[in-house]
Amino acid sequence: MGIVQICKGEYYWLEPANAFEPFQDYDVGLIALAFLQGSFAYGGWNFLNYVTEELVDPYVNLPRAIFISIPLVTFVYVFANIAYVTAMSPQELLASNAVAVTFGEKLLGVMSWIMPISVALSTFGGVNGSLFTSSRLFFAGAREGHLPRLLAMIHVKRCTPIPALLFTCISTLLMLCTSDMYTLINYVGFINYLFYGVTVAGQIVLRVKQPDMHRPIKISLVWPVIYLLFWAFLLIFSLYSEPVVCGIGLAIMLTGVPVYFLGVYWDNKPQCFDTFVDKMTYLGQKFCVVVYPVEDEKKNEESGEEIELKEQSVPLSAEDEQTPKSADC
């Protein structure tokens, strides 16, 4: 659509003299904040990494999927924005609550109903991918002992982490309590990029301190260094521009610290606390019909030796203690 508009001569706002015309004074902090909010649209680039356990031949398919999806999505998003700019002025873009819908109304006429449906389908696909991947974070954290063990359980037939999905749903609803969507994007964007940067920096540290570690997927250090430079610019100036919003985001993140000390670090808990947790776990198992997954013999990729990984499943009732059930996935 954007190409059609350009061919018709509708490229006034794409000309450099008009495209870079400022509507307010330049400010580095606002530019960084614009990058932070704009990058939210490209935020799914890392989701596939969360589900590597469920990929077939992940060492081959994971890089392949990333190399194909990121350029493709970037191409589509950039040309979609070019199409918007050819049909709408910056003032109209800022005044519109749904840019794609306004764009459809201006160009598609009686077929403008296609745009709301397309936006709804796109949103549904994004939410589906986010739920599929984000719930695996809670699932993996619980399996490592950092979250309640109920979140590490899967359905006895469908093999889906239902408790982790419900936990994701509840936490998402709590986030929606804010009335300003842009503030929520700033919260999420700031926290996400904070952890992204720490993770990438950790990879560089491991590369330096343990250069001989087995790495099935290995790239040049140039790329993480470039990312960290962009990351530092983004976070430092976003913090400078919106210190209150970023500070609240940090406060929300730090609420996990007391939870960690109470749930993980504190070993000698009172018996009543353990009893309460066990009862809640048992109740959650009955409600969701879930048990611990049991994995058979798997290949240890690092040593090449076969190891046997088995996790004790928690029975759904006292009668099942002698014959615990587990999901055969």
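Reply: A residue is called buried under 20% relative accessible area, exposed over 50%, and partly exposed in between. The model is a predicted one.

Me: Where does R149 fall on that scale, buried, partly exposed or exposed?
Reply: The relative accessible area of R149 is 33%.

Me: What share of the residues of the protein counts as buried?
Reply: The protein has 13 helices and four strands. It has 329 residues, and the share that counts as buried is 25%.

Me: How many salt bridges does the count come to?
Reply: Side chains of opposite charge can pair when their charged atoms come close. The cut-off is a side-chain nitrogen of Lys or Arg within 4 Å of a carboxyl oxygen of Asp or Glu. By this rule the number of salt bridges is two.

Me: Which residue forms a salt bridge with D278?
Reply: D278 is partly exposed, at 39% relative accessibility. Its closest contact of N and O atoms in the salt bridge is 2.7 Å, and the partner is R149.

Me: How many residues apart in sequence are the parts that D278 and R149 tie together?
Reply: D278 forms a salt bridge with R149. D278 belongs to helix 13 (residues 271–288), while R149 sits in the loop between helix 7 (114–143) and strand 1 (154–155). The pair therefore ties together parts whose separation in sequence is 129 residues.

Me: What distance separates the C-alpha atoms of L283 and L150?
Reply: L283 also lies in helix 13, and at 51% relative accessibility it counts as exposed. Along the chain, L283 and L150 are 133 residues apart. Their C-alpha atoms are separated by 9.7 Å.

Me: Which helices hold K106 and E92?
Reply: The side chains of K106 and E92 meet in a salt bridge, at 3.5 Å from N to O. The pair ties together parts 14 residues apart in sequence, because E92 lies in helix 5 (residues 90–95) and K106 in helix 6 (residues 99–107). K106 is partly exposed at 41% relative accessibility, and E92 is partly exposed at 33%. The helices asked for are helix 6 for K106 and helix 5 for E92.

Me: How are helix 6 and helix 7 directed relative to each other, roughly parallel or roughly antiparallel?
Reply: The axes of helix 6 and helix 7 are 8 Å apart, and the packing angle is about 155°. Angles over 145 degrees count as roughly antiparallel. Helix 6 and helix 7 are therefore roughly antiparallel.

Me: Which residues of helix 7 make the contact with helix 6?
Reply: Helix 6 passes helix 7 in a right-handed crossing. On the side of helix 6, the contact is made by A100, V101, F103 and G104. On the side of helix 7, it is made by M115, P116 and V119.

Me: How many charged residues are in the contact of helix 3 with helix 10?
Reply: Helix 3 (residues 28–38) and helix 10 (residues 222–241) pack at about 120°, with axes 8 Å apart, and their crossing is left-handed. The contact includes L30 and F35 of helix 3 and F233 and Y240 of helix 10. By class, the contact of helix 3 with helix 10 has 12 nonpolar residues and three polar ones, and the number of charged residues is none.

Key
Residues numbered from 1 in each chain as written. Predicted model: local features only at pLDDT ≥ 70, side-chain atom pairs only at ≥ 80, totals over all residues. Heavy atoms only, no water. Helix = DSSP H or I, 4+ residues; strand = E, 2+ residues; numbered from the N terminus. Buried < 20%, exposed > 50% of the residue type's maximum accessible area, 1.4 Å probe, protein only. Axes fitted to C-alpha atoms, helices over the stretch in contact; angles between N-to-C directions. Parallel < 35°, antiparallel > 145°, perpendicular 65-115°, else oblique. Left-handed = near helix turned anticlockwise from the far one by under 90°. Contact = heavy atoms within 4.5 Å. Nonpolar A, V, L, I, M, F, W, Y, C, P; charged D, E, K, R; others polar.
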